[in-house]
Amino acid sequence: MASQYAGYFGCEEPHFLESCSLCRKPLGLNSDIFMYRGDKAFCSKECREEQIESDEAKEKSWKISARSLRKKSSEAAKDSAAGKTVRTGTLVVA
């Protein structure tokens with residue numbers, strides 16, 4: 001099925017304004033479209049809010065992961081500086 005926007009934009013590929021980015025409900029030409037981050041269209045405020053909350057939760061977990069990795073890296077550097085030897089690499093035994 002050709003996109004309802006194909007005539008406007010001169011292309012046959014699906015357009016991001018064709019369906020809700022979350023629930024995939026078709027978006028009509030005469031209906032409200034709720035945008036998020038410039039390229040995500042939603043059929044309702046509720047769908048948009050659900051996506052925003054999901055993105056915020058992902059970002060929060062990424063920040064926690066990054067903080068955890070930095071902490072581990074910092075602890076390894078402290079251990080090395082405290083006279084402890086940390087060796088990495090490959091050991092081959094024949």
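Buried means under 20% relative accessible area, exposed means over 50%, and partly exposed lies in between, with a 1.4 Å probe and protein chains only. The model is predicted: local features need pLDDT of at least 70, side-chain atom pairs count only at pLDDT 80 or more, and totals for chains, interfaces and linings use all residues. Residues are numbered from 1 along each chain as its sequence is written, and side-chain values use heavy atoms, with hydrogens and water left out.

View 1. Cys20 is buried, at a relative accessible area of 0%. A disulfide is a pair of cysteine sulfur atoms within 2.5 Å, and the structure holds 0 of them. For Cys20, the nearest cysteine sulfur belongs to Cys23, 3.6 Å away. For Cys47, it is the sulfur of Cys43, at 3.8 Å. Cys47 counts as buried, with a relative accessible area of 12%.

**View 2. The largest nonpolar core.** A nonpolar core is a set of buried Ala, Val, Leu, Ile, Met, Phe, Trp, Tyr and Cys residues joined through side-chain atoms within 4.5 Å. The largest has 10 residues, among them Leu17, Cys20, Phe34, Cys47 and Ile52. Two or more of its residues come from each of strand S1 (34–36), strand S2 (40–42) and H2. Helices (H or I, at least four residues) and strands (E, at least two) are DSSP runs, numbered from the N terminus. In soluble globular proteins, nonpolar side chains tend to be buried together.

View 3. Arg48 lies in helix H2, which covers residues 45–81. Its relative accessibility is 21%, so Arg48 counts as partly exposed. Leaving aside residues up to four places away in sequence, Arg48 has contacts (heavy atoms within 4.5 Å) with Phe34, Met35, Tyr36 and Phe42. Arg48 and Met35 are 13 residues apart in sequence, with a C-alpha to C-alpha distance of 7.4 Å.

View 4. A salt bridge is a side-chain nitrogen of Lys or Arg within 4 Å of a carboxyl oxygen of Asp or Glu, and the count is 2. The side chains of Glu59 and Arg37 form one, at 2.6 Å from N to O. Glu59 is in helix H2 and Arg37 in the loop between S1 and S2, so this pair ties together parts 22 residues apart in sequence. Glu59 is partly exposed at 28%, whereas Arg37 is exposed at 51%. Asp55 forms a salt bridge with Lys40, with the closest N and O atoms 3.9 Å apart. This pair links helix H2 and strand S2, across 15 residues. Asp55 is buried at 9% relative accessibility, and Lys40 is partly exposed at 26%.
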